Structures are given as C-alpha cells and as structure tokens.
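Please look over the sequence and the model, then read the points below.

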Amino acid sequence: MEKVKITLVKSTIGSKPNTKANAESLGLRKIGDSIVIANDAATAGKIKLLAHLVKVEAAD
C-alpha cells in the first residue's frame, strides 16, 4: 500500500475541536511533527479535513 508523509505546518490554535482531534489522532501535536502512514480511505479523509494545516508528500 502507498505511504504518505504528513507534516503539520500550521498551528491548530483557533481551530475547531474536531480539527484538533483529527490532528491529535494522527500524532501531530506541534508544528513540524511528521508521520509516515499508509494512504487508505480513513487517512485520506483526515488529510482532507486538515488540508489547510498540513503538507502531504509521497513517502519513500
């Protein structure tokens, strides 16, 4: 399965509670935090919700 690298580039301060919870569920707590995760339907939905806060790249 394809993997993606997700990096938090903007703060969640002032975001809606649902947005903060999704970032936290991915393990993104501070600006600059990154994770490599499989790109499935659940991850794609979270990325779509957090699109204005994260940078998404293909993982090697």
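A salt bridge is a side-chain nitrogen of Lys or Arg within 4 Å of a carboxyl oxygen of Asp or Glu. By that rule, the structure holds one salt bridge. The model is a predicted one. The points below begin with that salt bridge and go on to a helix, a nonpolar core and the strands.

**The salt bridge**

- Side chains of opposite charge can pair when their charged atoms come close.
- Here the partners are Glu-24 and Arg-29, whose side chains meet at 2.9 Å, N to O.
- Glu-24 counts as partly exposed, with a relative accessibility of 41%.
- Arg-29 counts as exposed, with a relative accessibility of 52%.

**Helix H1**

- Helix H1 covers residues 17-26, and its buried residues are Thr-19, Asn-22, Ala-23 and Leu-26. Because these residues cover an arc of only 100° around the axis, they lie on the same side of H1.
- The cover over the buried residues of H1 includes strand S1 (3-8), strand S2 (34-38) and helix H2 (41-49).
- After H1 comes Gly-27, which has a positive phi, near 90°.

**Asn-22, a buried residue of H1**

- Asn-22 is located in helix H1. Its relative accessible area is 15%, so Asn-22 is buried, the limit being under 20%.
- At 3.0 Å, the side chain of Asn-22 reaches the backbone oxygen of Asn-18.
- With neighbours within four places in sequence left aside, Asn-22 has contacts with Lys-46, Leu-49 and Leu-50.

**The nonpolar core**

- Eleven residues make up the largest nonpolar core: Val-4, Ile-6, Leu-8, Ala-23, Leu-26, Leu-28, Ile-35, Ile-47, Leu-50, Leu-53 and Val-54. S1 and H1 are the elements that give two or more residues to this core. The most comes from S1, which gives three residues.
- Leu-26 is one of the core residues and is also among the buried residues of H1. Apart from neighbours within four places in sequence, Leu-26 is in contact with Ile-6, Ile-35, Ile-37, Lys-46 and Leu-50.

**How the strands pair**

- S1 and S2 run antiparallel and are joined by five bridges. One of the residue pairs is Lys-3 with Ala-38, its bridge partner in S2.
- S1 is also joined to strand S3 (residues 54-58) by five bridges, and these two strands run antiparallel. In this pairing, Val-4 stands opposite Ala-58 of S3.

**Lys-3, a residue of S1**

- Lys-3 has its place in strand S1. Its relative accessibility is 43%, so Lys-3 counts as partly exposed.
- Not counting residues up to four places away in sequence, Lys-3 touches Val-36, Ile-37, Ala-38, Asn-39, Ala-58 and Ala-59. Among these is Ala-38, the bridge partner of Lys-3 in S2.
- Between Lys-3 and Asp-60 there are 57 residues of separation in sequence, while the C-alpha to C-alpha distance is 7.7 Å.

Key
Residues are numbered from 1 along each chain as its sequence is written. This is a predicted model: local features need pLDDT of at least 70, side-chain atom pairs count only at pLDDT 80 or more; totals for chains, interfaces and linings use all residues. Side-chain values use heavy atoms; hydrogens and water are left out. Buried means under 20% relative accessible area, exposed over 50%, partly exposed in between (1.4 Å probe, protein chains only). Helices (H or I, at least four residues) and strands (E, at least two) are DSSP runs, numbered from the N terminus. The arc is that of the directions from the helix axis to the C-beta atoms. Contact means heavy atoms within 4.5 Å. A nonpolar core is a set of buried Ala, Val, Leu, Ile, Met, Phe, Trp, Tyr and Cys residues joined through side-chain atoms within 4.5 Å. A polar contact is a pair of N or O atoms within 3.5 Å; within protein, one must be able to donate a hydrogen and the other to accept it, and residues adjacent in sequence count only if both atoms are side-chain atoms. Two strands pair if DSSP finds at least two bridges between them.
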